[in-house]
Amino acid sequence: TWVEAHPSSLTQLRRLSGTIQPVEATNLSFEVGGKIQQVSANLGDIIKKGQIIAQLDQRTYRLTLQSKQANLQQARSGLSEAQNEFNRYEELIDKGLVSASGFDNVKAAFETAVSAVNIAKAELDIARKDLEDTELLAPYDGKITKRLGEPSMQVTAGQDMFEIEGSDGLEVNVMVPESLI
C-alpha cells in the first residue's frame, strides 16, 4: 500500500546551554593616575557617548602644563638668541672675520636650540594630553553595569573604574553539538 506523506506538526525540542552577553561591553579606566575628584555616573545610569563620567583632581596636571609652557617659551627665547648669533657668524665667515671652528660652535649651538624647542613642544603636547586624560569619557551610548571608583580615591593609570554595556542589545553564544549542525 501507498500512503501520501503530509507535513507533520511534530517538533523536536532540544535544550542547549549557552551564555548571554552584551554585544558591546568594556571596562573603563583613566589613562593617568591621581585622586578622583568627582564621579558623575552611578550603577544603572544610562550614559551618552562623550559624557564625562568621572574626573581626577587636575591641579598637578595644570601646574605641569604651565611649567611645560614656560619651558617652551624659554627654549624659543634661546633659539632666537642662537639664531641671531648664527646669522652674525654666517655673515662674518663669508668675509673671513671669524674662524671655521668658531662658526661650527655657533652652528652647533643653533641646532641644539632648535632641538630644545622641538623637545619642549613635545613635552607640552604630552602635558596637554595628560590634562585631558583626567576626564573619563563614555566611549559610546550605554548603561553603567559596574562602578569601582569613589571620590577621594587614589587610582593608577589603567585601574578599572566602570564597566559599561552598549545599547545594541545582547547576543547568545550556544554550544551546539556537531551532530546537530
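The following legends describe close-up views of a predicted model.

**View 1. An open sheet of four strands, β6-β5-β3-β8.** The strands of this sheet stand in the order β6-β5-β3-β8, and their pairing is antiparallel. The edges are formed by β6, residues 135-137, and β8, residues 154-155, each of which pairs on one side only. In general, the strands of a sheet pair through backbone hydrogen bonds, in either a parallel or an antiparallel manner. Strand β3, which spans residues 34-39, is joined to β8 by two bridges, and these strands run antiparallel. Within this pairing, K35 is found opposite Q154 of β8.

**View 2. A second open sheet, β2-β9-β7-β4.** This open sheet also consists of four strands, with antiparallel pairing and the order β2-β9-β7-β4. Strands β2 (25-29) and β4 (46-47) lie at the edges, since each pairs on one side only. Strand β7, covering residues 142-147, runs antiparallel to strand β9, covering residues 160-166, and five bridges join them. Here I144 stands opposite I164, a residue of β9. Strand β7 is also joined to β4, through two bridges, and this pair likewise runs antiparallel.

View 3. Is I46 buried or exposed? The relative accessible area of I46 is 62%, and a residue counts as exposed over 50%, so I46 is exposed. The C-alpha atoms of I46 and K143 are 4.5 Å apart in space, although 97 residues separate I46 from K143 in sequence.

**View 4. The packing of helices α1 and α2.** Helix α1 comprises residues 59-94 and helix α2 comprises residues 100-132. The axes of the two helices are 8 Å apart and form an angle of about 160°. Angles over 145 degrees count as roughly antiparallel, and therefore α1 and α2 are described as roughly antiparallel to each other. Their crossing is left-handed. Sorted by class, the residues in the contact of α1 with α2 comprise 22 nonpolar, six polar and ten charged residues.

**View 5. The largest nonpolar core.** In soluble globular proteins, nonpolar side chains tend to be buried together. The largest nonpolar core of this model has 27 residues. Which of its residues touch the most other members? They are F30, I53, L136 and F162. Two or more residues of the core come from each of the elements β3, β5 (52-56), α1, α2 and β9. Helix α2 provides the largest share, with five residues.

**View 6. The residue S152 in a loop.** S152 is located in the loop that lies between β7 and β8. The phi angle of S152 is near 75°, which is a positive value in a residue other than glycine. S152 has a relative accessibility of 54%, and because exposed residues are those over 50%, S152 counts as exposed.

Technical notes: Residues numbered from 1 in each chain as written. Predicted model: local features only at pLDDT ≥ 70, side-chain atom pairs only at ≥ 80, totals over all residues. Heavy atoms only, no water. Pairing = 2+ DSSP bridges. Axes fitted to C-alpha atoms, helices over the stretch in contact; angles between N-to-C directions. Parallel < 35°, antiparallel > 145°, perpendicular 65-115°, else oblique. Left-handed = near helix turned anticlockwise from the far one by under 90°. Nonpolar A, V, L, I, M, F, W, Y, C, P; charged D, E, K, R; others polar. Core = buried A, V, L, I, M, F, W, Y, C linked by side-chain atoms within 4.5 Å. Buried < 20%, exposed > 50% of the residue type's maximum accessible area, 1.4 Å probe, protein only.
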